Amino acid sequence: MKQLMRVGMVLPKLHHRLRLYISTMIAVFLLLTLIAMSMWLDASGLATNLTQRNLEPSTTHLFGTDWLGRDMFTRTMKGLLLSLKVGLTAGISSVVIASMMGIAAAVLGQVVNRFINWVTDLFLSVPHLVTLLLISFVLGGGAKGIIIGVALTHWPALSRVIRAEVMQIQTAPYVVISRNFGKSRWWIATRHIIPHLVPQILVGIILVVPHAILHEASITFLGMGLSPHEPAIGIILSESMRYLSSGLWWLALFPGLCLLIMVRTFAMLGENLKQFVNPQQTHDK
């Protein structure tokens with residue numbers, strides 16, 4: 001009877017972990033397919049062809065064509081790849097800032113800790129979309145403005161998580177022993193603290209990227225992001241608003257749906273990695 005009860009307890013855990021593996025593989029496959037397809041498509045689909053204006057979706061043009069005869073499938077795939085590049089760069093930059101702030105707040109004493117907490121509260125008190133708009137506008141828009149804006153507005157929440165993790169690591173026996181042996185703060189940080197934070201940093205990057213992609217699309221949609229000459233999703237959606245009343249529904253439906261799928265795929269991948277990093281949370285499912 002006890003053996004049957006043990007099997008009954010183990011099976012749900014195995015089933016849950018198997019679902020995590022399958023969903024993670026599906027998410028990675030979708031992202032790799034998107035990248036491969038975006039790089040494989042010929043840029044000739046972005047050229048103007050007035051003889052094929054406003055064509056509905058078909059086998060020749062899967063997502064139809066726009067008012068200039070450009071293939072919407074090619075524009076959408078290229079736009080998603082561009083959003084992915086901007087999102088990854090901005091997300092990695094934001095996580096680097098969060099890691100530096102979190103480690104500094106936990107290691108460099110009370111004065112630095114109070115100052116970083118004040119800066120963190122300051123950024124958290126203002127909606128980061130407003131701050132992002134302001135930073136992007138000051139920097140003249142473009143990819144540089146969006147990347148810097150996202151990097152400077154998405155670090156506070158993660159920095160607090162990293163700070164709490166570092167403070168917990170500092171009380172660990174192996175850190176106390178290293179400190180008693182006279183090891184420097186830099187030695188302890190590079191040998192004990194930073195390697196322990198690698199899983200949290202990777203999860204942070206995966207979770208920040210979808211926010212960065214959505215904010216890039218929203219800022220570009222408002223006209224303060226990427227250049228109108230680039231095949232960005234925000235530009236495609238902004239331009240399509242003028243033609244929806246004419247019945248050209250495919251100009252907004254397919255790009256918006258693909259953007260949603262990519263963001264949701266990243267979010268699912270981040271949640272799965274978060275559960276892999278925290279086994280206790282996985283076992284509690």
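Predicted model: local features only at pLDDT ≥ 70, side-chain atom pairs only at ≥ 80, totals over all residues.
Close-up 1. Arg160 lies in helix 6 (residues 156–170) and Asp121 in helix 3 (residues 110–125), so the pair ties together parts of the chain that are 39 residues apart in sequence.

**Close-up 2. The network of Asp66, Arg70, Arg75 and Glu239.** Salt bridges that share partners join Asp66, Arg70, Arg75 and Glu239 into one network, and the structure as a whole holds five salt bridges. Arg75 has a relative accessible area of 3% and Asp66 one of 0%; because buried means under 20% relative accessible area, Arg75 is classed as buried, as is Asp66.

**Close-up 3. The salt bridge between Arg70 and Glu239.** The side chains of Arg70 and Glu239 meet in a salt bridge at 4.0 Å, N to O. This pair links distant parts of the chain, with Arg70 placed in the loop between helix 1 (2–40) and helix 2 (72–107) and Glu239 placed in helix 9 (residues 233–240), 169 residues apart. Arg70 counts as buried at 14% relative accessibility, and Glu239 is also buried, with a relative accessible area of 14%.

**Close-up 4. The packing of helix 8 against helix 9.** Two packed helices are described by the angle between their axes and the distance between the axes. Helix 8 (residues 185–221) and helix 9 pack at an angle of about 40°, and their axes are 7 Å apart. Because angles under 35 degrees count as roughly parallel and those of 65 to 115 as roughly perpendicular, helix 8 and helix 9 are described as oblique to each other. The crossing of helix 8 and helix 9 is right-handed.

**Close-up 5. Residues in the contact of helix 8 with helix 9.** Helix 8 contributes Ala217, Thr220 and Phe221 to the contact, while helix 9 contributes Gly234, Ile235, Leu237 and Ser238. By residue class, the contact of helix 8 with helix 9 divides into four nonpolar residues, three polar residues and no charged residues.

Key. Residues numbered from 1 in each chain as written. Heavy atoms only, no water. Buried < 20%, exposed > 50% of the residue type's maximum accessible area, 1.4 Å probe, protein only. Helix = DSSP H or I, 4+ residues; strand = E, 2+ residues; numbered from the N terminus. Axes fitted to C-alpha atoms, helices over the stretch in contact; angles between N-to-C directions. Parallel < 35°, antiparallel > 145°, perpendicular 65-115°, else oblique. Left-handed = near helix turned anticlockwise from the far one by under 90°. Contact = heavy atoms within 4.5 Å. Nonpolar A, V, L, I, M, F, W, Y, C, P; charged D, E, K, R; others polar.
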